[in-house]
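Let's take a walk through this model together. Have the sequence and the 3D view at hand as you read.

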Amino acid sequence: MICALLMCYLVFLVPTESCGKLCQAASNSKEKESSRPWGVCDGICVASSHCSQPCPPGTEGSMGFACRKQRWHKVTDTCCTLNAFNIFEEDSQSGNPFGGGGKVDEYARKSETIAGKLMQKCPADLSCAIRNIEQSPRLPGNIAFIVQLLHNISTALMADVEEAQMHQSYSSMANHVLNSSSISNWTFIPERNSSCVLLHSVNSFARKLLINKSPINISNTFIHTMGSIIAADDEGKNFTFSMRVNDTSRAVTGKVLMGREELQTAPSIFQIISIAFPTLGAILEASLLENVTVNGLVLSVILPPKFKRISLLFEKISKSEERKTECVGWDHLESRWDSQACQMVEESSQHAVCQCWPSKLFTSFSILMSRHTPVSPVLTFITYIGLGISICSLLICLSIEALVWGQVTKTEISYLRHLCIANVAATLLMADVWFIVASFLSGPVTHHKGCVAATFFIHFFYLSVFFWMLAKALLILYGVLIVFHTLPKSILVASLFSVGYGCPLIIAIITVGVTEPGKGYLRPEACWLNWDMTRALLAFVVPALAIVVVNLVTIMLVIIKTQRVATGSSMFQEVRAVLRISKNIAILTPLLGLTWGFGIATVIDNSSLVFHIIFSLLNAFQGFFILVFGTILDPKIREALKGRVTSAKRISRVSENLSSDFSRHPTKRPS
């Protein structure tokens, strides 16, 4: 018992690398611990409840479970076998890394870390811990232990590292936790940023590596380091990596390309170090629960500060042509991939060539594969043909409204109704125009400011379409529940414009103001509201679908209210006008709501191409729907158009008769 307490005491004195930081005692005595089942929760599974269980025998720590869908699911795991007493090779049999009780007391008193002791015991190559680390099981607790050890080693090194053997040992430790068989275990490490710490630690260690005349080439299965001394007047320098993502896959290549043009900006003689990771992209995704897929090697490049740009070639892991690819750099401060660090230079179904700008912020680069943006010629064709039809339909709609405005706006309610219809058509027309403008921009990376402007106006005008539909619903609700003539027309018009344009403007400004400073306003691949990082798209979808619900409820109230109005009453004409508006809303609202209902489905991971096609069809033909259901099917408009056509024919006939009479009886001019 005293021995166990002493061990716990020592572990807490080295919190940065011992399992004491990651684990908690499962029991106060071995008898209690052995009597409890491990890996099974005894309590009743209730939604949002949690429980903790001890690790299997021979390991320290605990496992945390959460109740989801009436079943216990493991969410955290700190089980580990490595500790301060078994990490060093020569002490693994004795269980004491310091040789005796006196040294334990001395070690405890000085509070030296395991990394510090490692640097003392084998400072030349760190080899005294390699064997036990490589033989340890890849448990979540062991992974976290090794990551913290690597971090402390890279931090403890103050001078340049000249010994290649030391870097070999460091890479071997990192290789152990980067193994493809350990990817799933990264998910259960409580410290979600452990993978980020690993990447930053390896890069920091590489910065301190000093290359002599001979190039370095340290190759492990899951981490490969190359380095060389280069002169600025060289013709160029390339590093080529070929690594397997797992034991069954074929090798994937990656290249660091430095041409003569890039070398001209560098110092006369400098060193470059590049590190390739085949599994780190998947590990970052698993540990951070990122909604992105890395589709190539992760390449870290250590360059002098004056080096402005570099070209990288990535072979794609997945050769799917339905997914869009983008070049990205790892932002180690925000722990996320950022498309601002790179731009795509060339792409094929097999490879992608990226031009990146390395800096203190961006050292590691890769390519991402979009999960839910299928690139299909069918979608492109439907979108542009549909937008053309939509724009033409909206122009016809506005022309008809202008042509018959005087005939169909004689009463106050009809005036307000057609005011709403005209603004719905105008705002959708402007949204379509800005959509076309955005499609001509190559993306947020090269045209960031243009994309922000286009996205802002698309967001604003599409929202305005829905808010003008809401204005129509509020108009009929006001007309049915109160009395139309209690407020002046000017106040009603001002209220409609406030709803139709004021509310969307406020939402659009708040959205861009909150998300753009953190570069979370735009999608990485297109000029539209971001979904994966900030969920900015909800600033459109939530108001739009809420308006759909409000409008449908309004229609139900109108139907119930108008059933009580007698046919011959004084309000009958106004009620008929209200019902015409309600019929219009009843048709257009579900169409608009259904459109953006499919729009939500398109942002769900692995959504079918069918959802994208249906959304593109409905979205592109909204202008046609408004022309048909908002204008052409309106009997008052058809009657007014018929009157205009009849009047035009009458005027034409009178003109022809006058012209005929003039030709038969020309007027004589006075002499």
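This is a predicted model: local features need pLDDT of at least 70, side-chain atom pairs count only at pLDDT 80 or more; totals for chains, interfaces and linings use all residues.

Residues are numbered from 1 along each chain as its sequence is written, and side-chain values use heavy atoms, leaving out hydrogens and water.

Start with the open sheet, in which three antiparallel strands follow the order 1-2-3 (strands are DSSP E runs of at least two residues, helices H or I runs of at least four, numbered from the N terminus; strands pair if DSSP finds at least two bridges between them). Strand 1 (50-54) and strand 3 (71-77) each have a single partner strand, so one side of each is left without a neighbour in the sheet. Strand 1 is joined to strand 2 (residues 62-68) by five bridges, and Pro54 has Ser62 as its bridge partner.

Residues 381-406 are 100% helix, with end C-alpha atoms 39 Å apart. Residues 491-515 are also 100% helix, and here the end C-alpha atoms are 35 Å apart.

Finally, helix 13 (residues 377-408) packs with helix 14 (residues 412-440) at about 155°, their axes 9 Å apart (axes are lines fitted to C-alpha atoms over the stretch in contact, with angles from 0 to 180 degrees between N-to-C directions). That makes the two helices roughly antiparallel, a label for angles over 145 degrees.

Notes:
Angles under 35 degrees count as roughly parallel, over 145 as roughly antiparallel, 65 to 115 as roughly perpendicular and the rest as oblique.
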